[in-house]
Every structure is written in C-alpha cells, then in structure tokens.
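Take a look at the chains before reading on.

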Amino acid sequence: MRTDQAARPINTRRTPHSAAAVGLAKRSIVNITRLPSAFLPSVLMPVFQSIAFAGTFFAIIQIPGFPTDRSINWFLPLGTLMGAGFAGIGIGFSTIRDLETGFYDRIRLTPAPRSALITGPLAAALIRAALVTTIVIIVGLIFGARPTHGPTGVLFLYVAAAGIAALGTGWGLGLAFRFRDMRAAAIMQLTFFLLIFLTDAQTPLFIMDGWLELVARINPFTNVIRLARLGFLDAPITWNNIWGGLIAIVAISALTLTFARRSLARLSDS
Amino acid sequence: MSETALPIVAEGLQRYFGSGDNIVKAVDGVDLQIQPGEIFGFLGPNGAGKSTTVRMLTTLLRPTGGKGRVAGFDIVSEADSVRRNIGVALQDAAIDPLMTGTELLRLQAVLYGLPKAQHHQRAGELLERVGLTAAGGRRVGTYSGGMRRRLDLALSLIHEPSVLFLDEPTTGLDPMSRISLWEEIRRLNNDGTTVLLTTQYLEEADQLAERIAIIDHGVIVRKGRPTELKAEVGSPTLFVTVDESTHQIATGLLAKFGELRPSPEGSLGVGLHEGPSAVSNVVRELDDAGITVRNLELREPSLDDVFAEATGYRLEGAES
Amino acid sequence: MTSPVTTAPLTPTRAPAETSTIAQTWALSVRSIQSLLRQPSLIVPSLIFPLFFAALGTSSFSRATGLPGFPAVDSYLDFALAGAIVQGILFGSTTGATALATDIENGFFDRLLASPSTRTGIIVGRMAGGMAYGAFQTLFFVLVLLPFGLSIKGGIGGVVGLMVSGTILALAIGALMSAMALLTGSAEAVQGAFPLLFIALFFSSAFFPRETMSGIYGTMADFNPVSHLVEGMRDLVIEGVSASALARAILVPAALAVVSIALSLRALRHRLGAS
C-alpha cells in the first residue's frame, strides 16, 4: 500500500493575520443572521428599552436641573450601550456554542494566528454594535430624539458603543474559554447588567440618593455613559466629559481582551 | 532514517487530568514511531486514551510529560508548524451546522492561508472528491451523518497535509458509508499521505492499518503488524466437517496436530501447532483412515483474539 | 400515543379511584415546585432582579416622587413594591411554563398522558405549583424590603391582599405561558415570548404613575390591564385596604386568569388531538 514517493515538502505558508480575522468576522456576522432567535432580540431589545424607559420614566425630565428636556434623549444612549454590550457578549454566546459542539477545535487546529481568533470576533462585534447603534438612533429620531450637537455629538455615541462592544467581546470570549458551557453566559450577562445599571443609567448623579450615588461615582461605566450621552444633552461638549469615558473604554477593553487571549491559550491545558 | 524525519513520533507522552487523589492518568507514557506513508491504527475501547493522545499530537492539548514530534516539528514549541502540516478529522465530525459546506471549506482555506485565487477551485475540488458537490450550498445542519464525516474529511485536506489524523472516522456510520470512507482513506494513503487512525472497530484496523497499537488505560499494550500480532497469539484454528459416524476417529486423529478447540455444531476444531502447513498432513491422515472430509476451513487468529489476550477482555460488538 | 408504556414515577399505581385525582394533582404540584427549586439558576433571577430594580429605583428616583402626578409616598420604595412583585411573578411564572415545554420536548408529558393520571391533574398540578411560588415571592419581597424602610399602610390585611393578588396573577401568567408551551411544545418559543410580558410591564404604570406619562405612552398605559392591577396593589401599600384597591388588585388578575385558562384548555385539547 505504501508508495515510495518522496515526502511532501514542508508547508511553511503563514496565514496572514488580517485574512484570518476577516474570515472569522465574516462567519460570525453571517451566522448571527441565520439564528433569528438570537439576532432579533439583539436588535429589538435596545430599541425597545430606549423607547420603554423614555415613556415610562417620562416625568424625570421635570426634575429641576435635568440635563435635557427630552426623556428619549436621556435613555437612547443607554439603550444603545446595552445593545452594544450584548453584541459583544453575543460573541461569547456563539463561542460557547462552538466549544460545546467541538467546532472550536477545528478553528484551533488551523495555523491562523491565535490573536486573529480574538480580533476576528471583535471586528464582528464592532460591526454589530455599529448596526445596532444606527438602528436605535433612527428609531429614536422617529420617537422624538434630537441630537443637540449635530453629527459630531452622535459620533461620541458610536465611540462609546464600540468601546462597550470591545470590552464585552473580551469578557464574553474570556469567560467562554474558561467555563466552556452556558454557565459562562449567565456570568457575562449578569456582570454586564449590574455594571451598566449601577451608574447614572436612570437618573443623573446629582439626583441620586445614598449608596447608588457612591457606587455610580466610582463605577467607570458612568464615564462611558457620560461619553455616550454627550451629543444628546444640552450641556456643551467639553474635554472634561470626554477623557474619563475614553480611558475607561481603552483600559477595560485592554484588560478583558488580554483576559480572553490568556484564556484562549489555557484552552490547551485541559 | 533519523527520528526527526518520521511523520509522527511520541516519546513517553503523558497526560494527567485532575490532581491529588483524583488524578486521572488518561495517557501514561505512550511511545509511537510512525513511518512515512504508513496507515497506523490506534485501537482501543472508549476512554482508553486514544483521543487524548491524538489531541496532544495535533496541538489541541498540552502534554503533562513526554515529547512529541509531528511532521518534524515539536508539538509544543513548534505548534504552529505542526498545524500547517497536518490534517485532522475529529471525533463526531463537529462542524458548524449553520454554515454551508462551501462556506466551511472557504473559511478553512482562509485560515490555512491559501491564496485567495485558489479558494473557489480548491473548495470545488474537495467537494467533488468526497461526493458532496450537489450538497455544497446546503447548510451542514441538513447533512446526514455520513455526509458530515465526508465534509469533515474534505475540511482536513484543504492544505494537502502530509500527515492525517482521523479520530474514529467511522463511528456511528452505516456499513456503506464506512466502506466508502475506507476507500477514500486508502486513496489518500496511495497519494503519499501518512495516516494515523484511531478506531474501536477491530475490523477497521485490520482492513486499513499496516501497523497497529492497542491502547488500554492510557498505556500501549501491543504494537506491530496485525499479522504478526495475530501470529503471536498462537496457532490458527482448523475446522473440519466429517460424517457423524466418523466423529470419534477423526477427533482422535486431529488431537495429534494440536489442542482441540470449540467449534460450530457439526464440525471439529483444532489449533494447528505447526501452523497452516500442517493442513495437508491433516487431510492425508483423515483420508488414510477412510474418513470423507465434507468441509475444511482454516481460520487465523483475529485481532479480537489479540485484543483479548492483551487486555484480558473483548471489545463489545467485535467480530468473532 | 402508543400503548400504555411505563407509568410516570410519581403516579400512585393503584390509588383508590375516588382519591386519585386529588392525589395525582398533589403529586404533580409537588413535582413542579421541586423542579423549580432544583434549578436555582432559574429561580434566583425571579427573586433578585425585582429587588435589584426596586433598590436601583429607590436610589435613582427618590426626588421624582415630588413631581406632579406622583401620589403622596414616604419613599419611592413604597411606590415600587407593587411593580417589583408583578415583575418577579412574570419571571417566575414563565419558568414553570418553560419547564412544561421541556417536559413536552423530552417526552415526559406524553408519558404522563399515557399514565392513568387525569388530564386536568397534569395542568392543574403545574398551575398550583406556580401559584404557591407566586404567593411565596410576594411575601419574600415584602419581608426583604421591610428592613429597608418599606411601609405598608394596609398592614397585615394589605400583605394578605397582595399575596392573594400575586397568587392569582401567577395563575393567570402561568396559564398564559402554558398555553404557549402546549401550542408550540418548544421551550425556546416560551422563552421567546417572555419579552412580550416585559413590554406589557414597561408600558404600564408599574414604575412611574400614569399621571406623569404623556401622549401615546399614557394612552397605552391607560389601556394596559397591568397598570390597573399594579395600581390596585400599590394602593394597598401606600393608602391602605379599600374596596377599590382590593377590587383592582384581585379582579384584574382574576379576569386575566379566566381568559388565559380558557386559552390553555384549548391548547391542551389541541395538543391531545395532535398526539
């Protein structure tokens, strides 16, 4: 049965990082559209949340000193960030599915650079977050939202959404690699939910009372939400209101993406 | 040939799970030397350590101890080079059900760094090779078990690897699908691909592998060519069918050639001490005694016997 | 349905005919509560989330209670309790229906049908389990929030009123989601329908008074039965026991229950016809 032909030449072809990342991002985007049960809520929930909060808490804008006179302006950025976060965490979900079915082994078997296994899904999350942000803004405009600082102001919302999606992706991937089952999904959702709500999500800091104000002041996500709201509030956009959010995004994303990268390496330990 | 040039080498490969009192020695010192162009069968029951060994050799799992080289590269320090040169079809053919066959092949081509211009052609070739051209545009979720295995094989061939790992490639397949997969494996081997195949089917190892290793409780208990291993078990069994009336005389004559063995109803069985060459003598003796031989069958020891002798038990569902 | 295969483990094999219905229903109620308790990941959210939001709201909206349209309350917590109870029961009742859908998916439901249990026992058992859990949730929220400054003007009578209301609401929502489970036989579909309940909750006066809402939101809240239910329960907390409060707190969920039980019976008949 054995043929005596010479051994095949050693394959030394390196997989370009960019090609692998694009390939994985594309797959992630295509797959999400094929799972309507996961896709529809991820788009509809942030839209619903923006509108429902704006409607149900309509009266808070009457509190003296409230930074906007449109409740949708106040709640739209929050809904957007929730959507962006779940775009990131959704990457964690689909990775859990890949790990559970074993398909992730097939991806790990390829010589694609390990960093591309993080940046590919990250790119997909950023695209999803941008899509969700755009949809929420369009629906928000219909429901009365009015950007107060033009397109530049809205840009800050995209930046904040991208940041939340990035840190959500790192967190989601890292937990998926550590737990490799749906336990990870529960942890990612719960932690994200807590962190995003223990902020000035519902009312400005100066209106709050007691413990929440304390927690919200030290919670870096408060800075991110402030960044997201810049283009929708009456106050002028100042550097003071920007840098805290930017630092929070960069620092937390760096942390969670490093966590993801390390946890990926640890997959081969067990 | 120097060891580094061998496609697969393992030296004292170990993998333990857990720690302390709960430590499980899934693989406990496996040595392998697989020759270029060989089909090597890795045989053992579920949980014996086959898959764990394959996961280590294919860089999915870091070994606890020992060394491994695949395609000339260290499986730990040169994992990337190993990955570039091996193809792997894992147990259960775990493929994303949401994607189509063509999409999966193209993604695979991207991840293996194939030039973009080749993607389309390569995907088409491989689909044709495994007979899935018509199903290429369908989502994998709609595929049958056999189709999934064939696609999985095609995925592992995208970069024309010189070493192929197949982890239980036919488990759960119907006989027809199994045979067609066997043919494909032989074809790949004829093209010069070295194949390491794990299986819990004795027949599969016997059919395909030039050499086999039997693993049990994380340790290799037998290694060699199937024929040699069978020969080690001992003599072949000769089954003779004669008229009822001559049974007694025939039994006496047969006993001279070796110990009597259990046999199907109506026939007599004897283990030939001197091997197959003794058959003509048996026939002559019976003929000289005036006994008419109705039927004669010589059966070699099977891998089942080898396995049973090596491990002390028989694989479930093994062919006798 | 196939021949009478294995008997469901909890069904007494040779129970006297006259007690069997009650015994079976009891056994099935116990089973539904047990299965709920065995999955902390399912019940914990139904206990924690409403408390979290109540705490969050109390801290966020303390100043909002002075706005025009807000009833006179000592703190937002008193105002928020009714909404928290309803929210918790929406979570909890969905869990029970999801379990029913899972039973259908994995065939346990068919085995129950094949066993000599009564048809109604199967459904009533589940509902009874859900109702008991709804009463428990109500009491749990009240007891946990009392040390944090919750005051209930209606006193013991008010708490009892809340529990009755919560129990009936659990029945109404449980039956509604069970109808969904029976119709689709898919746990995913039941979970997918859950956001609809959430929409009903958010477009009501569960978190802020209707009087503070404007335009379409206000109109939707006016027509939403959840508003009237929550306001009835809320009045038991912030005003005291009154005929009007009790009527809204109990009759609204009771009316919902009648409709959703009718729906679930139809769905059961549909499923029996289909299998």
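No contact joins chain B and chain C, and their closest C-alpha atoms lie 18 Å apart. Two pairs of chains are in contact, and of these, chains A and B share the most contacts. This is a predicted model.

Two packed helices are described by the angle between their axes and the distance between the axes.

| Helix pair | Angle | Axis distance |
|---|---|---|
| α5(C) (residues 119-145) and α6(C) (residues 155-184) | roughly 140° | within 7 Å |
| α3(C) (residues 76-106) and α7(C) (residues 187-202) | about 165° | 9 Å |

Start with α5(C) and α6(C), whose axes cross at roughly 140°. That angle makes α5(C) oblique to α6(C). Their crossing is right-handed. On the α5(C) side, the contact residues include C:Ile123, C:Met127, C:Gly130 and C:Gly134. On the α6(C) side, C:Leu162, C:Gly166, C:Ala170 and C:Gly174 are among them. By class, this contact has 13 nonpolar, seven polar and no charged residues.

Now turn to α3(C) and α7(C), which pack at about 165°. Angles over 145 degrees count as roughly antiparallel, so α3(C) and α7(C) are roughly antiparallel to each other. The crossing of α3(C) and α7(C) is right-handed. From α3(C), the contact takes in residues including C:Leu90, C:Phe91, C:Thr94 and C:Glu105. From α7(C), C:Glu188, C:Phe194, C:Phe198 and C:Leu201 are among the contributors. The residues of this contact divide into eleven nonpolar, five polar and two charged.

**Length and end of α6(C)**

How far does α6(C) reach from its first C-alpha to its last? The span is 43 Å over 30 residues, close to the 44 Å expected at 1.5 Å a residue. After α6(C) comes C:Gly185, whose phi is positive, near 65°.

**Helix α4 of chain B**

Helix α4(B) covers residues 116-129. Its 14 residues should span 20 Å at 1.5 Å a residue, and its end C-alpha atoms are 21 Å apart, which agrees.

Which residues of α4(B) are buried? They are B:His119, B:Arg122, B:Ala123, B:Leu126 and B:Leu127. These buried residues pack against two other helices of chain B, α3 (101-111) and α5 (145-156). α4(B) is followed by B:Gly131, with a positive phi near 70°.

Note on methods
Residues are numbered from 1 along each chain as its sequence is written. Chains are lettered from A and ligands numbered from 1 in the order in which they are written. This is a predicted model: local features need pLDDT of at least 70, side-chain atom pairs count only at pLDDT 80 or more; totals for chains, interfaces and linings use all residues. Side-chain values use heavy atoms; hydrogens and water are left out. Axes are lines fitted to C-alpha atoms, for helices over the stretch in contact, and angles run from 0 to 180 degrees between N-to-C directions. Helices (H or I, at least four residues) and strands (E, at least two) are DSSP runs, numbered from the N terminus. Angles under 35 degrees count as roughly parallel, over 145 as roughly antiparallel, 65 to 115 as roughly perpendicular and the rest as oblique. A crossing is left-handed if the near helix is turned anticlockwise from the far one by less than a right angle, and right-handed if clockwise. Contact means heavy atoms within 4.5 Å. Ala, Val, Leu, Ile, Met, Phe, Trp, Tyr, Cys and Pro count as nonpolar, Asp, Glu, Lys and Arg as charged, and the others, Gly among them, as polar. The expected span of a helix is 1.5 Å times one less than its number of residues. Buried means under 20% relative accessible area, exposed over 50%, partly exposed in between (1.4 Å probe, protein chains only).
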